[in-house]
Amino acid sequence: MPVPDFEKIFQDKIDGEIKIEPKDWMPENYRKTNTRQISQHAHSEVVGMLPEGNWISRAPSLKRKAILLAKVQDEGGHGLYLYSAAETLGMSREEMINDLHSGKAKYSSIFNYPTLTWADIGAIGWLVDGAAIMNQVMLTRTSYGPYARAMVRICKEESFHQRQGFDALLVLSRGSAAQKEMCQDAINRWWWPALMMFGPRDTESTNSDQSMKWKIKRKSNDELRQNFVDMIAEQIKTLKMKLPDPDLNWNEERKHYDFGTINWDEFWQVVKGNGPCNKQRLDARRKAWEEGEWVREAAIAYAGRRGERMARGG
Amino acid sequence: MSSKINYTLHLADNALILGQRNSAWCGHGPVLEQDIAITNISLDLIGQARSLYQYAAELTGGGTTEDSLAYLRTEREFSNCLLVEQPNGDWAQTLLRQFLFSSYQFYLYQYLQCYSDTRIAAIAEKSLKEVSYHLRWSSEWVIRLGDGTEESHRRIASALDELWRYTGELFLPAGYEKDLAIDVAALEYDWSKKIKNVFAEANLTVPGNVFMQTGGKSGMHSEYLGHLLTELQYMQRTFPGCEW
């Protein structure tokens with residue numbers, strides 16, 4: 001009996017747009033890459049709760065407070081689906097969280113920037129969620145089934161968040177001089193970090209070719225970044241604000257906006273842990289986890305005892 | 001009319017202050033599922049506060065809004081009970097505060113859903129669905145912590161020592177409650193029964209002979225409230241008269 005060529009069957013499925021499911025055979029590196037990417041995405045959702053959470057207590061109106069709470073709560077929910085999707089590849093949530101806390105696993109660098117004013121909450125919704133959506137829409141078609149399905153749900157909520165962020169900035173852009181200034185300042189600070197969210201230039205991205213062949217990714221970093229610039233360069237006109245890039249110009253020949261050079265030194269510094277809030281973000285996550293330990297232990301002890309009682313019929 | 005406004009504000013302040021307290025857990029909970037649960041409760045409470053402030057604003061008139069009531073009154077004008085403004089402490093203290101308050105709110109809203117003011121009755125009826133969940137969730141946690149490990153039992157017992165003194169005020173009618181003939185004292189019987197049942201499962205005993213602190217309902221607060229309001233009201237105080 002001939003030995004089946006697992007690798008070929010796997011690649012045929014991918015080429016035929018059939019999703020890979022948890023019990024299917026897959027190359028070890030496909031499993032590893034997906035585990036890394038999905039868990040990193042889950043961590044980003046959870047760490048991402050912190051910069052926005054920083055403004056919940058000070059939201060300027062009850063309506064904005066409710067919107068912000070609901071948004072940050074949604075991010076926690078996204079973290080949950082993503083941890084579950086990653087668990088289907090064989091790694092437990094606890095292991096993933098330990099990797100985050102030890103610094104072994106990464107999360108999106110954007111969350112290592114501080115939220116200094118209320119306008120940052122609008123700018124995060126509009127620019128950061130806007131950039132995330134570009135990537136996530138692509139991921140609804142990623143080859144690993146559980147990840148693709150989680151992304152479909154997440155994308156619906158994210159587009160809603162982006163509109164809410166834009167709406168918050170629109171109010172500021174039509175408000176007092178101080179509000180306008182706050183709005184422009186936030187855009188100035190978040191624009192370049194948002195562009196960095198798409199990752200290194202294609203020429204320097206190490207995992208890209210294999211990920212494209214396996215359809216984990218379907219568009220390159222630079223392609224997605226360009227789509228984002230094109231979208232935002234139009235949307236900012238409604239806000240009557242400016243993007244902080246003197247080289248931003250419509251290029252009639254390319255049918256795209258040209259834009260200036262990203263500060264890649266800053267990008268790599270933040271990745272390495274030297275961003276303004278890397279330490280605070282990880283400290284906050286570790287603190288919550290350590291201080292929650294007795295709570296988790298109590299829940300396990302109680303569940304165990306209750307199980308015994310039920311088994312005894314009591 | 002002013003008693004009705006004051007009473008509506010009292011209900012709204014309770015919900016807002018506890019919602020604000022709980023919201024500080026968002027992103028910092030002991031496990032993701034519970035982080036989401038406490039944030040959800042915070043969101044429900046802020047939603048209740050909004051409905052009540054909107055009604056109080058309509059009754060007051062003259063350009064009053066839900067936000068002017070939440071953001072521009074001083075600590076002496078807030079009439080929430082002392083219980084809800086107490087600090088979060090650890091998870092045990094937050095949970096016990098929620099349980100003591102949700103069980104009170106549960107019986108109160110049951111009573112208010114038949115109240116003669118149809119607007120308050122409607123808000124109570126709608127909120128009761130949420131509060132039933134808050135009560136179930138917090139009861140389960142009180143039991144889990146009371147009957148969990150030695151440490152969790154010690155922590156919830158110490159939270160009880162801390163918070164019990166703020167429960168007496170819930171059943172002492174303030175002036176506006178007397179004026180409107182809202183019989184809060186009558187709620188104590190059901191409330192106590194509920195507390196005792198849950199405490200029995202949690203291996204906790206109801207403290208006896210504790211001096212009860214009062215004053216929040218008539219604007220005499222603990223020192224904590226001023227700090228809470230300073231943070232809550234920061235934007236509206238710094239940038240007066242803006243749209244957000």
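Biologist: Which side chain of chain A does Glu33(B) meet in a salt bridge?

Modeller: Start with the general idea: side chains of opposite charge can pair when their charged atoms come close. Note also that this is a predicted model. Here the partner of Glu33(B) is Arg93(A), with 2.4 Å from N to O.

Biologist: How many salt bridges does the rule find across the interface of chain B and chain A?

Modeller: The rule finds three across that interface. Over all chains, the structure holds 32 salt bridges.

Biologist: What does the pair Lys71(A) and Glu52(A) tie together?

Modeller: The side chains of Lys71(A) and Glu52(A) form a salt bridge at 2.5 Å, N to O. Lys71(A) belongs to helix H4 of chain A and Glu52(A) to helix H3 of chain A, so the pair links parts that are 19 residues apart in sequence.

Biologist: How do I read the area buried between chain B and chain A?

Modeller: The size of an interface is often given as the accessible area lost when the parts come together. Between chain B and chain A that area is about 3900 Å², and carbon and sulfur atoms give 68% of it. The contact involves 46 residues from chain B and 47 residues from chain A.

Biologist: How many residue pairs are in polar contact between chain B and chain A?

Modeller: The count is 18 residue pairs, with both residues at pLDDT 80 or more. On the side of chain B that touches chain A, several helices supply at least two residues each, among them H1 (2-23), H2 (32-60) and H5 (91-112) of chain B. H2(B) gives the most to that side, with eleven residues. By class, the side of chain B that touches chain A has 22 nonpolar, twelve polar and twelve charged residues.

Biologist: Which residues are closest to the centre of the second largest cavity?

Modeller: The second largest cavity has a volume of about 110 Å³. Of its 13 lining residues, Ile67(A), Ile121(A), Gln164(A), Gly165(A) and Ala168(A) are closest to the centre. Helices H4 (62-87), H6 (119-139) and H7 (145-173) of chain A each supply at least two residues of this lining. Its classes are five nonpolar, five polar and three charged.

Biologist: Where does the lining of the second largest pocket come from?

Modeller: A pocket, unlike a cavity, is an open set of points. The second largest pocket has a volume of about 460 Å³. Helices H3 (49-53) and H12 (278-291) of chain A, with H1 and H10 of chain B, each supply at least two residues of its lining. There are 21 lining residues, and those nearest the centre are Gly53(A), Asn54(A), Ser57(A), His28(B) and Glu231(B). The lining of this pocket has eight nonpolar, ten polar and three charged residues.

Note on methods. Residues are numbered from 1 along each chain as its sequence is written. Chains are lettered from A and ligands numbered from 1 in the order in which they are written. This is a predicted model: local features need pLDDT of at least 70, side-chain atom pairs count only at pLDDT 80 or more; totals for chains, interfaces and linings use all residues. Side-chain values use heavy atoms; hydrogens and water are left out. Contact means heavy atoms within 4.5 Å. Buried area is the accessible area (1.4 Å probe) that two parts lose on being put together, summed over both. A salt bridge is a side-chain nitrogen of Lys or Arg within 4 Å of a carboxyl oxygen of Asp or Glu. A polar contact is a pair of N or O atoms within 3.5 Å; within protein, one must be able to donate a hydrogen and the other to accept it, and residues adjacent in sequence count only if both atoms are side-chain atoms. Helices (H or I, at least four residues) and strands (E, at least two) are DSSP runs, numbered from the N terminus. Ala, Val, Leu, Ile, Met, Phe, Trp, Tyr, Cys and Pro count as nonpolar, Asp, Glu, Lys and Arg as charged, and the others, Gly among them, as polar. On a 1 Å grid over the protein atoms alone, a cavity is a set of points where a 1.4 Å probe fits but cannot get out, and a pocket is an open set with protein on both sides within 12 Å along at least five of seven lines; lining residues have an atom within 4 Å of a point. Grid points are joined across faces, edges and corners, and a volume is the space filled by probe spheres set on the points.
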